[in-house]
Amino acid sequence: MTTLTDPQPESFRLSMLINDTRYRAYTFQFIALLAIIFCISLLGRNLVTNLEQRGLTLSFDFLGNPAGYDINQRPLEYSNNDSHLRASLIGIINTLIVAALGCVTATIFGVFAGVLRLSNNWLVAKLMAVYVEAFRNVPVLIWILIIFFIMIAATPPPSAFRGDDPSASMLFDAIAITNRGVYIPWVQFSNGFESIPIIPPVFDDPTRFSFFGLFNINVTVWLVLFALGGGIYAAIQAGKYIKANNVEVFALLPAFVRLLVYAIIAFTPFVIVYSLFLNVNGSQPATSLRFSLSLNLIVILLVLLLGLYVSRLIRDWADKTQEQTGERPTVWYWRLGVVFVPLILIFYLLGAYLDYPALRGFNFAGGLTIRGSLIALWFALAIYTGAFIAENVRAGIQAISKGQTEAAASLGLRPGRIMNLVILPQALRVIIPPLISQYLNLTKNSSLAIAVGYMDVTGTLGGITQNQTGRAIESVLLLMIFYLTISLSISLFMNIYNNSVKLKER
Amino acid sequence: MSDTHAQSVAFVRNTEIPPSLPPDTEGGVIKWVRENLFPNVLSGILTIVALYFIIRLSIFVVPWIWNGVWGADSLTNCREVLGGKTGACFSVITDRWHQLLFGAAYPRDLFFLSTMTGVPVADLVTPGGVRENTNFFQEFFFGYWRPVLAFVLLFVAIAPVLFSELPRKMLITTAIYPFAAFWLVWGGSLWVPVTILASLAIAYFAYSFVVNRSFFLGALSFLAVLILLLFDPIAMLINAAEFGRNSLAFLGWQRAENALPWVTVMEQNYPWLMNIFPLNAHVVEGLSTISSVSLASVPSRELGGFMLNMILGTVCVSLSLPLGILLALGRQSNLPLIKWVCVIFIEFIRGVPLITLLFVANVVLAYFLPPESNPDLIIRVMIMITLFASAYIAEVVRGGLAALPRGQYEAADSLGLEYAQAMRLIILPQALKISIPGIVNVAVGLFKDTTLVSIISMFDLVGLIRGPILASTDWNGVYWELFGFAALLFFVICYAISQYSQWLERKLQTGHR
Amino acid sequence: MKKTIFLGTLTAVGLVAGAAAAGTLDDVKARGTLNCGVVTGLAGFGAPDANGQWQGFDVSVCRAVAAAVFGDPTAVEFIPTTGKTRFTALASGEIDMLARNTTWTFSRDVDLKFEFIGINYYDGQGFMVPASLGVSSAKELNGATVCIQTGTTTELNLADFFEENNLEYEPVPIETNAEAQQQYLAGACDVYTTDASGLAATRATFENPDDHIILPEIVSKEPLGPLVRHGDPEWGDVVRWTLNALIAAEELGVTSANVAELAEGTENPEVNRLLGSEGNLGEMLGLEADWAKNAIMANGNYGEIFEKNIGENTPIGLARGLNAQWTEGGLIYSPPFR
């Protein structure tokens, strides 16, 4: 019998740090660590020296000073006496608005163009090819400018609606399309509730930590942010743990209770830290973050949700009846009724009426205004990104084997149904990953808004605020943090969605 | 059977009828139109909508281009010529084409232009900028021969990379091209690019000498030779020492604070030592005394127009390739520290818009660099765009690495190859090959994004249009012609590249459909 | 030792921030060129022409300073800056001086640590409207859409003006004059507002300038002037007194045509001191004795620069107004050369 003996454990020699693969990894990482520390300290030291020489400091205090400029598109209440922080917040919301609108519209354009490019209609296919190639191969900045110019030139100014014999007239007497924007009727409530102003409570006199006299670090803010981040991280980890170990008790709980548990894990540390530093007497930062809650909207949403829930209960009842008796009771009018009757009732009770835009003074007033700069940017981004999405859609459809189409056709499906029921659901799996990066690109490209005068966050924080205060480093830093957060959130959510539609393989 | 009937039945035809034409609806234009434009109701409606759209567009565009004015010297003049008709004012392009293509102030080679056209130099320089004595082609090919030649050579240099059928020896032109193009565009002494090229060749020689022992040592010796020849190792050492001293003083070590700066010590005691490096500068000086081959030097601030977009695009893509490959390898690495550094870098860069990185280049980077250095804006922008592109290229290459079958990695391991060898000889050649279409897409996207430098006050094609040209009293108010011209230039280049990419994809497509 | 730009940059990147830099004047002299920050393109004030030569009112100040330091008005690198990048370019040392329509305000002077060395143009923000609108005063603009060219302090003045008069308005901020002008002409805004000088320049290029009127209200004070970094008084003095020399030259009747002759020596002791034939003013500044002569030779005196770039005989067509010499009822005034 032969026995395998372990080789004698070698004693550690210094040369093993380079020659032995077991230790070499540590050597490399150690060298890399040193190099990183060196680079960071080099840059940090340069920064400190440069700022010192010019007698400048890094400080975010300018965010609390009055901004002094006006913004035309104000999703929240804002005046020029508000702070730079508030102006940045308005900019952030404007960015999110144009990004959301753009993503939806780009998807519609992209799917249409991608499908039509494969159509057997020669003219339409060629036209779509021209569209895709023209937009893919010219810089987005040039397209934004060109589309903006077209919009200004092709639509009439409000003055064209004036006078006895106006050269332009409103669509259906309700919608005015001008080169300043589109004015549409909007719901108003004569009998509605007052909005509730909400001022988020602010931290107690922030503890400041001065970093070599150059950076003023607001310790409280960081603590709160860390608590929030840590809580969310803990919730994600808990979710992973529960999934991995298949905790049975948890699975028995109803969905909303499970959600509640996660929410508690995520937000408890934040709430605790936040309340520790709470200061009820709000000051500047607090009023910068104020917003108002529309009770009307909440009531309507509640009624709608309730109606949908009851409608679902009716459907479940109908399903059950069908399973038991084999006959499905006719419930569609019930289901429509429980949603719409209370909704119409609540609109009536709130005194809803349509506010029509009308020419008053220099401009149209009343109704809802969608400004020209928003339309131009929205349309430009959508049509540009749409060209890329069209290519992704086309590639996705072409990736599906021809056999699938033939199989579906042999089942007797019509071409439209083949596309909707067989091809697109499969193509979706190929399309979604590149779609995510197109959404990210669109959001990032929205930073070119300033070219058309749309006040997004690059226009406020990275534009006029930076221009007026001269605080370049701070503004650019905040700007990058904002875009990074947005990008990471979009890719997180889209990856979750992608995982849910992904082919489940066992 | 038919034979019998042929004789017996009178009404059976025994000759063949000549083939008749298909009915009108089943052939020619009508068939094509019916099948391709009106196969069903929905499609027919689409066709009509599309036709309406095309006709509406051409009603605007055709007369506008047809009536275009080419020779006027200002917009006011254009309007007079048109006399109220709709029409383009293309004169702005004939007046300012040299700025649109080469930048606001890129100098013409007057001597060469004068030699080739026979027009005396004095007549070429007219105060108003109107090029009266020469025509467009003479100006373009003789006046601006340097950037034009660099552009033409670009195709020669890039061809062997793009088309694998070409002989591999042509790759030498690719290696030489950056230096030739640098010399042509920036000018200066020929010896500068030549000595840098020679230093690189020597460093490569050193590398290939050592690489058989270990790739790590090879890379080290490459760097060492390069530093010795092109940089100033003594200054680097002094700086490192200085940095250490400053850091100690910063942390409160009194003695370090009071010590004399190293630079002063060295300058006082060993002045000759401070002048040895960089060796390359001495060689250039020496060669220049023997024979000075040089072109008029052009400061980088005078580069502009479409040429600036081309330079930024090509330089940044080529620099970002090696960086992107390293990042992709780093992201796949087993070493957690290196992996996380790469992940954070890539995700950070991909998460922010290029415009914020350009703001960094323009307004922030200056604070992070040593005060005396202050590199040109164009170099700072190149650094940021290269970092930007490398993150995207890293993701493409990572896709290529992931697409390789696991067996390739295992095969390399089983041959006993170490990491560097396995990557260099087995993995990367295959991974890069399948990543080429993706890399080309990144390159096209990046080339288009170079127009964003106009927002940070650089005079690229868009910057020139929005800045000096639209601000001049002559051309204030001309938009469509200028932006149309810019769009056309970009379209031509990008469309050509994307067609190449599609061709390549088809060629690499070995799967079955 | 001669290093190429390329190598210089390569080695420089490896350097560490060292001791405080020498004075700007020494740096400029050592470099051999003046780095002057200018606007990316504003008719009459600064833009490269068809030959790439920078021309304009602000540009001339840069040339005069270069001439005073080097005796050569072409020894200047023009570095285009936008509203956002100008201050950092100056603070980081990329440019030695900024001559770009920049308003002298308290916070820029004190908080951003810059030194405004004088005023070369007194401007104010005005409004332009189409004549067909039937408006004769800015106070009738309630509810109007206003195109603003962002950049100086325009947005802030506008907000102040409308708030003060209790008027509503809709701001449309636009980055470049060309785009703002296009929106205005298409009727996408009722009013165009920017510095009055810019309005006049823009109106001059319209197809029908008479269809547009500039309203009488000037809603702000916009003292525009060159600026340098805080903390380097010697360099500040060089730029300040170069500008003053141009202004004093006009007052004393020194022009580019007669400066060479007058520099030989005249009856007027102040002219002699200015042009260096008497006293040692140049030496005090750390410059040659004929510094002011060179500065005036470069583009002429203040009045000549004004007339050549933005005066009434140019397409811009601005009257001197506030920018006339103090002796003629304006505000342009130089301290004595003594």
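This is a short walk through a few parts of the structure, from a chain contact down to single residues. The model is predicted, with local features needing pLDDT of at least 70 and side-chain atom pairs counting only at pLDDT 80 or more, while totals for chains, interfaces and linings use all residues. Residues are numbered from 1 along each chain as its sequence is written, chains are lettered from A in the order in which they are written, and side-chain values use heavy atoms, with hydrogens and water left out.

The contact (heavy atoms within 4.5 Å) takes 62 residues from chain B and 60 residues from chain A. About 5300 Å² is buried between the two chains, and carbon and sulfur atoms give 75% of that area; buried area here is the accessible area (1.4 Å probe) that two parts lose on being put together, summed over both. On the chain B side, B:F243, B:Y367 and B:F368 lose the most area to chain A, together 13% of what that side buries. If you look for salt bridges between these chains (a side-chain nitrogen of Lys or Arg within 4 Å of a carboxyl oxygen of Asp or Glu), the count is 0.

Staying in chain B, turn to helices α20 (residues 377–403) and α22 (residues 419–449), which pack at an angle of about 145 degrees with their axes 8 Å apart. Helices are DSSP runs of H or I with at least four residues, strands are E runs of at least two, and both are numbered from the N terminus. The axes are lines fitted to C-alpha atoms over the stretch in contact, and angles run from 0 to 180 degrees between N-to-C directions. Residues of α20(B) including B:F388, B:Y392 and B:V396 meet residues of α22(B), among them B:L428, B:L432 and B:I439. The residues of this contact divide into 17 nonpolar, 3 polar and 1 charged; Ala, Val, Leu, Ile, Met, Phe, Trp, Tyr, Cys and Pro count as nonpolar, Asp, Glu, Lys and Arg as charged, and the others, Gly among them, as polar.

In chain A, A:R117 is found in helix α3 (residues 84–117). A:R117 counts as buried because its relative accessibility is 19%, and buried means under 20%, exposed over 50% and partly exposed in between (1.4 Å probe, protein chains only). Leaving aside neighbours within four places in sequence, A:R117 is in contact with residues including A:E133, A:E391 and A:R394.

C:K113, in the loop between α5 (106–110) and β6 (114–116), has a positive phi of about 60 degrees although it is not a glycine. C:N166, in the loop between α6 (154–164) and β10 (169–174), has a positive phi near 60 degrees. C:K113 is partly exposed at 31% relative accessibility, whereas C:N166 is exposed at 70%.
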